[in-house]
Amino acid sequence: MVSRVIPVDDFDLVIFGATGDLAQRKILPGLFRRFVAGQIPDSARIIGAARTDQDDAAFRSEAAKAIVEFGGIAADDPRLAQFLELLSYTPIDARGEDGWTELKSRIRPRAVHAFYFSVAPALFGDIASRLASHGIADRNSRIVVEKPFGRDLETARALNATLARHFDEEQIYRIDHYLGKETVQNLMAVRFANILFEPLWNSQYVDHVQITVAETVGVAGRGSYYDKSGAIRDMVQNHMMQLLCLIAMEPPYHFDPNAVRDEKLKVIRALQPVEAGDIVRGQYQGDGKSSSYAEDSENPDSRTESYVAMKVCISNWRWQGTPFYLRTGKKLRARTSEIAVVFREPPHSIFDDSGAPKANELVIRLQPNEGMNLKVMIKEPGPGGMRLVQVPLDMSFAEALGADGSDMPDAYERLIMDVIRGNQTLFMRGDEVEAAWAWTDPIIAAWEDSKRRPEPYDAGSSGPEEALRLMHRDNRRWREIRA
């Protein structure tokens, strides 16, 4: 199967924070891959803007090193030299006046204008204000802002208000790279482009849903930042909330940005408050070979969680009585992200002597090996009577789609191209962000009031024992964490 590449219109993309880690690891290598794929026109311009005082040549050299290191290409690849011709650089003072006139001179009047804020949220307002006051951005311009979008409802509202002073909601692209993953979009295709699943997609047939995002790395190197955030702010309030919404939302009337986001917002507003007994917080311990969370965060008294598991319920007709179990953590057994929809068992088995049928499971893998897997019961091959065995119907993209399936665009590639196209479907709207914080804030406040320390867990394990008991008391089990 050959994927179709649709070129985008000519554009000027300004990357604020172009010398930073995100730009070097993701944005520039992603743009290079889209250029090689033929999606970016040769006339496009990518303008780096940061505080570092350097010229175009120095920025191109820096970008080339990043693309070779993180893009997996040879330094002498001729396509790299062609791509670097699109790049230029302007030193800029985000909180002063230096560089803005020069930046304006580099923006062309008839191209699509996009401004990527790959900077700390504290600079969003300064940059937005100067883009407007210097006449660099117009009513057709787009801005891209990265998480964290606030650290609670109050700060999220303040950020939304700051951006709204200079840009309409239709111009603001709040990026969550999980929404750019191929499998996440395929989740909507599976649900709404097939008749097979939708009639079963409710509490009558779905026993529960598990959403797991497990990482093997700790917080070393970013401990001071993470210690002010924790797993719920870093993962649950944004990435996992979005996955939950896509699983639980009603069919939108059309695959349209506001229609999809309206349905996601309804799910967030239908989330019940989480009881204290339905949440487990954990913190990884050192084992002599690897460091503990307290060491990585350089805070021996830290009460910040590196792991969280919770049972979430949705108050609507479709999901009443079907719990959603979420868990995410650092330094776990394997790096994996998946959604498992566990169906109820058949109400009656006609195969009395061959063991009870097991529940069907639809497992949507986000990483690694993106794809889907449906577990069904079949007859075990061979003579000797009717014996049942559960087997997977596997749809690994790499196997099902051939070369295209093993070389899918990174989430950032897809999302940046959506910005240029002006498609906001895979970006969070301001009211979504605020609703997510409104649900999360009481959970965090309750933790802080309790003064309880997170439960310890071993590095390389599945998390705290308490998280296992969270499922066991409902007569359910977590799926094994494995790559």
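Modeller: Accessible areas here come from the Shrake-Rupley method with a 1.4 Å probe, and for residues only the protein chains shown count as cover. On that basis the protein chain exposes about 22100 Å², of which carbon and sulfur atoms supply 50%. This is a predicted model, in which local features need pLDDT of at least 70 and side-chain atom pairs count only at pLDDT 80 or more, while totals for chains, interfaces and linings use all residues. Residues are numbered from 1 along each chain as its sequence is written, and side-chain values use heavy atoms, with hydrogens and water left out.

Turning to the sheet, its elements are DSSP runs numbered from the N terminus, helices being H or I of at least four residues and strands E of at least two. Two strands pair if DSSP finds at least two bridges between them. With those terms, six strands form an open sheet in the order β3-β2-β1-β4-β5-β6, and the pairing is parallel. Strands β3 (87-91) and β6 (172-174) stand at the edges with a single partner strand each, so one side of each is left without a neighbour in the sheet. From one strand to the next the twist averages 20°, where axes are lines fitted to C-alpha atoms, for helices over the stretch in contact, and angles run from 0 to 180 degrees between N-to-C directions.

Within this sheet, strand β1 (residues 11-16) runs parallel to strand β4 (residues 112-117), and six bridges join them; Ile 15, for example, has Tyr 116 as its bridge partner in β4. Helix α1 (residues 21-36) packs on the sheet, where it touches β1, β2 (45-50), β3 and β4, and its direction makes about 170° with that of β1. Contact in this sense means heavy atoms within 4.5 Å.

As for the setting, the protein chain holds 16 helices and 15 strands. Its radius of gyration, taken over C-alpha atoms, is 24 Å, close to the 23 Å that the globule rule (2.2 Å times the number of residues to the power 0.38) gives for 483 residues, so the chain is as compact as a globular protein of that length. Along the principal axes, the C-alpha trace spans about 80 × 55 × 50 Å. Of the contacts in the protein chain with a separation of 6 or more, 76% come from residues 24 or more positions apart. Buried residues, meaning those under 20% relative accessible area with a 1.4 Å probe and protein chains only, make up 53% of the 483 residues.

Note on methods: Buried means under 20% relative accessible area, exposed over 50%, partly exposed in between (1.4 Å probe, protein chains only).
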